[in-house]
Amino acid sequence: MCCSSVQEVHADIFRCTTAQGKVVTSDRPIPECISRGMKVYSDAGRFKRNILPPLSAEEKQKIAQEQEQKQKQQAAEEERKREERYLLAHYQNEADVESARKRAVDVLQDKKRLANEQLETFNQVLLSLQAELKTSKKTTQEFESIQRRADDLSNNVLSTRKSIAFYDQEIQRTNREYDDTLKRFREVVSRTRR
C-alpha cells in the first residue's frame, strides 16, 4: 500500500493601508502600497515581517552620510592603532624618543653650521672683492669680471641665508614633531599598562 502525504500550502498574506486610508489585503504584494510599505502575515494570521517603503532621496543621502562618517571614524581608529604599533615597535621608553630627536636635530644643526661657515666665507670674499673694486685701477674688462664675481657672491649670500632660515624652521618643526611623538608615546604606554 502506498501512501501519499498532502503538503500544506502556506501562503503569505499582504496587508497595507492605502493613501486613501483603505485597508487592503492580498495574497501577493499590493501595487498601491509599494511606496507605503506592507505587513506580511502567515495564513494563520501571525505577523511575519514588514516590507518597508523605498527610501526617499533625503533618507538615502542621510544614510550615505552616516556610512561615510562611520568609514572615516573606522579609518581614523585604524590609523591610531597603526601609529600606536609603530611607536611601541620603535621606542622602548622616553629616552629612545629623546635620542631620536637628538639625532634628527643634530643633522639639521650640522647643515646649519656648514651653511653658516659657507656664509662667512662668502662674506669675506665679497668684502675683499668690493674693496678691490673701490681701489682698482684695472681695465674695464677686468673691472666687469670682478663685478660679476661680486654679484654672484651676493646671490650666494642671499641663498645661503635662506638655507639657514630654512634649517631654523626645520629644527623647530622637528622639535614640535618629537614633542607630539613623546606625548603620544606617553599616552600609548599609559593605556597599555591599564
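**Reading a predicted chain, feature by feature**

User: Among contacts in the protein chain between residues at least 6 apart in sequence, what share joins residues at least 24 apart?

Analyst: Start with the term: contact means heavy atoms within 4.5 Å. In this protein chain, 56% of the contacts between residues at least 6 apart in sequence join residues at least 24 apart.

User: What should I know about the model itself?

Analyst: It is a predicted model, where local features need pLDDT of at least 70 and side-chain atom pairs count only at pLDDT 80 or more, while totals for chains, interfaces and linings use all residues. Residues are numbered from 1 along each chain as its sequence is written, and side-chain values use heavy atoms, with hydrogens and water left out.

User: How many helices and strands does the protein chain have, and in what order do the elements run?

Analyst: Helices (H or I, at least four residues) and strands (E, at least two) are DSSP runs, numbered from the N terminus. The protein chain has four strands and three helices. Read from the N terminus, the order is β-β-β-β-α-α-α.

User: What share of the residues counts as buried, and how much area does the chain expose?

Analyst: Buried means under 20% relative accessible area, exposed over 50%, and partly exposed in between (1.4 Å probe, protein chains only). Of the 194 residues, 22% count as buried. Areas come from the Shrake-Rupley method with a 1.4 Å probe; for residues, only the protein chains shown count as cover. The chain exposes about 15000 Å², and carbon and sulfur atoms supply 50% of that.

User: How many positive and negative side chains are there?

Analyst: Lys and Arg count as positive, Asp and Glu as negative; His and the chain ends are not counted. Each charge is placed at NZ of Lys, CZ of Arg, CG of Asp or CD of Glu. The protein chain has 37 positive and 32 negative side chains. The centres of the two sets lie 4 Å apart.

User: How many disulfides does the structure hold, and which residues does a disulfide join?

Analyst: A disulfide is a covalent bond between the sulfur atoms of two cysteines. The cut-off used is a pair of cysteine sulfur atoms within 2.5 Å. This structure holds one disulfide. It joins C16 to C33, with S to S at 1.6 Å. The pair links distant parts of the chain, 17 residues apart: C16 is in strand β1 (residues 13–17), and C33 is in the loop between β2 (23–26) and β3 (38–41). Both C16 and C33 are buried.

User: Why is the disulfide of C16 and C33 called right-handed?

Analyst: Look at the torsion about the S-S bond. For C16 and C33 it is about 50°, so the disulfide is right-handed.

User: Now the helices. Which residues are in contact with I171, leaving aside its neighbours within four places in sequence?

Analyst: I171 is found in helix α3. Its contacts are V105, L108, Q109 and K112, with neighbours within four places left out. I171 is buried, because its relative accessible area is 10%. V105 is found in helix α2. It too is buried, at 11%. The C-alpha atoms of I171 and V105 are 5.9 Å apart, though 66 residues separate the two along the chain. V105 touches I171, T174 and N175, not counting residues up to four places away in sequence.

User: Is T181 buried or exposed, and what does it touch?

Analyst: T181 lies in helix α3 (residues 140–193). Its relative accessibility is 18%, so T181 counts as buried. T181 touches L87, Y91 and V97, again not counting residues up to four places away in sequence.

User: How far apart in space are Q61 and S154?

Analyst: Compare C-alpha atoms. Q61 and S154 are 61 Å apart in space and 93 residues apart in sequence. Q61 sits in helix α1 (residues 57–90). It is partly exposed, with a relative accessible area of 48%. Another pair is N116 and L52: 64 residues apart along the chain, with C-alpha atoms separated by 74 Å. N116 is in helix α2 (residues 94–135). At 34% relative accessibility, N116 is partly exposed.
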